[in-house]
Amino acid sequence: MEQVDVVVVGAGVIGLAIAAKLSQCYPNLLVVDRHTNIGGEISSRNSEVIHAGLYYPSDSLKAKLCVQGQHLLYQHCREWQVPCRRAGKLIIANGAAQTLALHKLARQAKDNGVTNLALLTKVQAAALAPHIRASEALYSASTGIIDSHNYMLSLMAKTERQGGNFVGLTEFVGAERVHDGFILRLENSGETMRLKTRYLINSAGLHCVDIAQRIEGLNRKDIPQLHWCKGHYFSYRGRHPFSHLVYPMPELNTTGLGVHATLDMAGQLKFGPDTLYISQHHSADYTVPEALRETFYQAIINYFPKVELERLQPAYAGIRPKLQGPSSGFADFNIQLPGTHHIPGLVNLFGIESPGLTASLAIAEYVANELLE
C-alpha cells in the first residue's frame, strides 16, 4: 500500500494554502479533488476581493484570520508575482439609521485591528466617487482585488516545488482509523485504491460535511449542519466610472453584505452577490436567471443612480458553504482540530466562506501550528 504523510481533500484555495504550508515539513503530500483541475467550485466563483476584516466580531476567527491573512496575501502576491491591486473600498450609508450603523462598523473595524480607514463626509465621498449617492462613507484603503486563479496556481507551484502532488478526478470514498493515521479509500477512473496517510485534511468546501461523514470514528455530534447559499453576479457592459469597490451597508438580519460593486484585474465592473439559500445537490446549479436583472437594478440604483438596466448582463454564480441558516446570526469558521474531536492527525474545515480567500494563508498557518504542535 502506498503511504504518504499528508492527504488534503479539496483543491480549492484553502486546501492549496494548507498544502503549500504543510509540504514545507511534509513533502510527501497529496492533494486530491473530485474535479479535473484545482479550484473547480467556490474558489473560482467569488468576488476575488482581498478583504480588510471590517465586519466580524473581534474575538472571531474570521476577524483574526482575515486581518492576518490580508498581510500574508499581499506579501505572497509580491513574492510570486500574482496579479493584485489595492483598489480601495467605499462602504456607503444613506440616511440616519445607516449612518449610525456605519460609525458602529468603523469602531468594530478599529477593534479588529484594521488600519487605513477613513470616515468621509458627503462632500468627501462625492469627491472620491461622484457617481455614488452617499450621505457618509467609510473608506478602506487596504481592500483590494486579486486574480484568484493565478493565486491558486502559485500555491500549487509552491506545493509541487516542495515535493507535493495534485491528483484530480479522485473521489474520497472513506477513511479507516489506524494507530498511526488513516487508511483512505479513493476512487479514480472507476478504480478504488487504498492509501495510508498520517495526516488527513478535510477542506472539501461544499462537500466538507459529506467527507466528514465518511471518516470512521468521527462523532456525528462534531459534524455541523451546512447550508448552501447561492450568489449571482451581473457584469456591467461598456465603460463605467468606478475605480474603487463600493459596498452598501449590510441589511440587518441578513447573511450577506448586499449587492456590491467590484472590479476584476481587467477593470470589468460586476455587481453581486445576492443571497439565495438552495437545497444541496451532488451537481450544483450555477445558472444566472435573466429575471434577476430587475432585482439587481433596484438594489444598485440605491447607491448608483445612473445605472442602466440594459447594460446589466448575467455573468456567473457561486455557492457558499454557510454554517448559519437564512434566519440565523453570525457563524464563525469552524476549524476542527484533534483537540475537539480527539482523532489525532485529522483536521476538518467547515463553513469556510468569505473571507476565506483573504484568510487562506492565515488559516494554513493556524492549522499547521495547531496540528504539528
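This is a predicted model: local features need pLDDT of at least 70, side-chain atom pairs count only at pLDDT 80 or more; totals for chains, interfaces and linings use all residues.
Some ground rules come before the tour. Residues are numbered from 1 along each chain as its sequence is written, and side-chain values use heavy atoms, with hydrogens and water left out. Local features need pLDDT of at least 70 and side-chain atom pairs count only at pLDDT 80 or more, while totals for chains, interfaces and linings use all residues.

Where they meet, 16 residues of domain 1 are in contact with 14 residues of domain 2, contact meaning heavy atoms within 4.5 Å.

Together the domains bury about 1300 Å², with 56% of it on carbon and sulfur atoms; buried area is the accessible area (1.4 Å probe) that two parts lose on being put together, summed over both. Three residues, Arg-45, Leu-206 and Glu-353, supply 47% of the area that domain 1 buries against domain 2, more than any other three residues.

One salt bridge crosses this interface, where the term stands for a side-chain nitrogen of Lys or Arg within 4 Å of a carboxyl oxygen of Asp or Glu. Lys-322 and Glu-353 form a salt bridge, with the closest N and O atoms 2.8 Å apart.

**An aromatic pair**

Which two helix and strand elements hold Phe-234 and Phe-296? Phe-234 is in strand S13 (residues 227–236) and Phe-296 in helix H7 (residues 292–300), 62 residues apart. Helices (H or I, at least four residues) and strands (E, at least two) are DSSP runs, numbered from the N terminus. The two rings form a tilted pair, 4.7 Å centre to centre with 45° between the planes. Rings of Phe, Tyr and Trp (its six-membered ring) pair if their centres lie within 6.5 Å; planes under 30 degrees apart count as stacked, over 60 as edge-to-face and the rest as tilted.

**Backbone features**

Most residues other than glycine have a negative phi, and most peptide bonds are trans. Here are some places to look at with that in mind.

| Feature | Angle | Loop location |
|---|---|---|
| Gly-272 to Pro-273, cis | omega about 0° | Pro-273: between strand S16 (269–272) and strand S17 (276–278) |
| Ser-354 to Pro-355, cis | omega near 10° | Pro-355: between strand S20 (346–350) and helix H9 (356–372) |
| Glu-48, positive phi | phi near 55° | Glu-48: between strand S2 (29–32) and strand S3 (49–50) |
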